[in-house]
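Welcome! Please take a look at the structure below, and then we will walk through a few of its features together.

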Amino acid sequence: MLEHHTFLLAYSSVDGQTRAIMQTIAKELQAQGHQVRFCDIERHGEPEWDGIDAVVVGAAVRYGDHRPGLYAFVKAQAVELTARPNAFFSVNMTARKAGKDTPEGSRYIEKFLEKSPWHPQRLAVFAGALQWDKYRFFDKLMIRFIMKITKGPTDTRQNVDMTDWAAVKAFAKNLSGARKQG
């Protein structure tokens, strides 16, 4: 019989796609009988660790790196993160390309591991979404420029979801087998 756990799902989202990915993970875990507790890293929510059996952290990349709040969170919570089964996923537009959609092929995962005191047991990379209608003028200009030079979509009249939702669900199903250490 599958042991049921309580997962802390902590995320750093810029325009909401990382939060949406985490909500999909939560639904998959709940379907397996697990409980979930959310922590929005960018709102500086101090997680309640009591009763947490496993943790998943997800973070978006903007302009070449994860947000400073993510690094502050993992530094402050490294002991708690390491004390239980754990996973990390990065959400970035580079992951829309084959070979860049794996932890081994992701420069952002490499950069995270170089800068972070926490080294997660499980890693994943998911492509994000171009949410043109949410971007401020400068962001729209810069992201469109980045998409142009990386041969991505540049039509700002249409949002584009590039997340592989089947891969997100598979990652979540894999997490539901996590066992508490000790």
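Which residues in α1 meet which residues in α5? Q17, A20, I21, T24, I25, E28 and L29 in α1 meet W165, V168, K169, F171, A172, K173 and L175 in α5, where contact means heavy atoms within 4.5 Å. The residues of this contact divide into 9 nonpolar, 2 polar and 3 charged.

A word on the source: this is a predicted model, in which local features need pLDDT of at least 70 and side-chain atom pairs count only at pLDDT 80 or more, while totals for chains, interfaces and linings use all residues. Residues are numbered from 1 along each chain as its sequence is written, and side-chain values use heavy atoms, with hydrogens and water left out.

| Pair | Axes come within | Crossing angle |
|---|---|---|
| α1 (residues 17–31) and α5 (residues 165–175) | 9 Å | roughly 50 degrees |
| α2 (residues 68–82) and α3 (residues 107–115) | 11 Å | roughly 45 degrees |

α1 and α5 are therefore oblique to each other, and their crossing is right-handed. α2 and α3 are likewise oblique, with a right-handed crossing. Angles under 35 degrees count as roughly parallel, over 145 as roughly antiparallel, 65 to 115 as roughly perpendicular and the rest as oblique.

Turning to the α2 and α3 contact, L70, Y71 and V74 in α2 meet K111, F112 and K115 in α3. By class, these residues are 4 nonpolar, no polar and 2 charged.

About 430 Å³ of space lies in the largest pocket. Its lining (residues with an atom within 4 Å of a point) has 27 residues, and V61, R62, Y63, N92 and M93 lie nearest the centre. Elements that each supply at least two lining residues include α1, β3 (54–62) and α4 (137–149). The lining has 13 nonpolar, 10 polar and 4 charged residues.

Terms used:
Axes are lines fitted to C-alpha atoms, for helices over the stretch in contact, and angles run from 0 to 180 degrees between N-to-C directions. Helices (H or I, at least four residues) and strands (E, at least two) are DSSP runs, numbered from the N terminus. A crossing is left-handed if the near helix is turned anticlockwise from the far one by less than a right angle, and right-handed if clockwise. Ala, Val, Leu, Ile, Met, Phe, Trp, Tyr, Cys and Pro count as nonpolar, Asp, Glu, Lys and Arg as charged, and the others, Gly among them, as polar. On a 1 Å grid over the protein atoms alone, a cavity is a set of points where a 1.4 Å probe fits but cannot get out, and a pocket is an open set with protein on both sides within 12 Å along at least five of seven lines; lining residues have an atom within 4 Å of a point. Grid points are joined across faces, edges and corners, and a volume is the space filled by probe spheres set on the points.
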